[in-house]
Amino acid sequence: MANPQPNYFTAISNELYEAIIKFPLTGYQSRVLHAIIRKTYGFKKKMDRISLSQISIMTSIQETHICRAIKELKAMKIVTTDGNKKGINKNYDLWLKVTTDGN
């Protein structure tokens with residue numbers, strides 16, 4: 001049985017969290033975004049090196065789908081990258097609603 005401890009949490013502003021809630025994301029995009037937030041904000045970092053395998057373990061999504069979701073999130077300007085580092089663009093006014101063709 002799960003026993004979450006109150007001393008361990010991911011701090012994210014309510015304003016940013018509400019912007020994420022309102023934004024039209026696919027299931028994979030949402031799960032990958034939450035994993036990135038957990039691996040960054042959860043460790044008080046703006047960006048961090050996060051491997052596809054780490055995200056796969058957290059989300060139970062295959063790495064090929066994670067790679068595609070990250071590309072989509074980058075195109076939407078929600079996720080930023082710098083080499084292997086990933087983070088969230090907290091300026092949600094810049095986020096773009098992009099439709100995908102399923103490829």
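How many bridges join β1 to strand β3? There are three, and the two strands run antiparallel. Strands pair here if DSSP finds at least two bridges between them. The model is predicted: local features need pLDDT of at least 70, side-chain atom pairs count only at pLDDT 80 or more, and totals for chains, interfaces and linings use all residues. Residues are numbered from 1 along each chain as its sequence is written, and side-chain values use heavy atoms, with hydrogens and water left out.

The protein has four helices and three strands. Helices (H or I, at least four residues) and strands (E, at least two) are DSSP runs, numbered from the N terminus. The order of elements from the N terminus on is α-α-β-α-α-β-β. The radius of gyration of the protein is 14 Å, close to the 13 Å that the globule rule gives for 103 residues, so the protein is as compact as a globular protein of that length. This radius is taken over C-alpha atoms, and the rule is 2.2 Å times the number of residues to the power 0.38. Along the principal axes, the C-alpha atoms fill a box of roughly 40 × 30 × 30 Å. Of the 103 residues, 31% count as buried. Buried means under 20% relative accessible area, exposed over 50%, and partly exposed in between (1.4 Å probe, protein chains only). Contacts require heavy atoms within 4.5 Å. Among contacts with a separation of 6 or more, 58% come from residues 24 or more positions apart.

The three strands form an open sheet in the order β1-β3-β2, with antiparallel pairing. β1 (47-49) and β2 (79-82) stand at the edges, each with a single partner strand, so one side of each has no neighbour in the sheet. The twist averages 30 degrees from one strand to the next. Strands of a sheet pair through backbone hydrogen bonds, either parallel or antiparallel. β2 and β3 form a hairpin with two residues between them. G83 in the turn has a positive phi of about 65 degrees.

Helix α2 (residues 27-40) lies across β1, β2 and β3. The helix runs at about 105 degrees to β3. Axes are lines fitted to C-alpha atoms, for helices over the stretch in contact, and angles run from 0 to 180 degrees between N-to-C directions.

The largest nonpolar core has 22 residues. Such a core is a set of buried Ala, Val, Leu, Ile, Met, Phe, Trp, Tyr and Cys residues joined through side-chain atoms within 4.5 Å. I20, V32, L33, I55, I78, I88 and W95 touch the most other members. α1, α2 and α4 (63-75) each supply at least two residues of this core. The largest share, five residues, comes from α2. I88 touches L16, I20, L33, I37, Y41, K46, I78 and W95, not counting residues up to four places away in sequence. In soluble globular proteins, nonpolar side chains tend to be buried together.

The structure holds two aromatic pairs. Rings of Phe, Tyr and Trp (its six-membered ring) pair if their centres lie within 6.5 Å; planes under 30 degrees apart count as stacked, over 60 as edge-to-face and the rest as tilted. F23 and W95 form an edge-to-face pair, 5.4 Å centre to centre with 90 degrees between the planes. This pair links distant parts of the chain: F23 lies in the loop between α1 (14-22) and α2, and W95 in the segment after β3, 72 residues apart. The rings of Y92 and W95 have their centres 6.2 Å apart and their planes at 70 degrees, so this pair is edge-to-face. F23, Y92 and W95 form one aromatic cluster. F23 is buried at 12% relative accessibility, and W95 is buried at 8%. Y92 is partly exposed at 28%.

Most residues other than glycine have a negative phi, and most peptide bonds are trans. K44 is not a glycine, yet has a positive phi of about 60 degrees. K44 is found in the loop between α2 and β1, and is exposed, with a relative accessible area of 82%. S60 also is a residue other than glycine, with a positive phi near 60 degrees. S60 is found in the loop between α3 (52-59) and α4, and counts as exposed at 67% relative accessibility.
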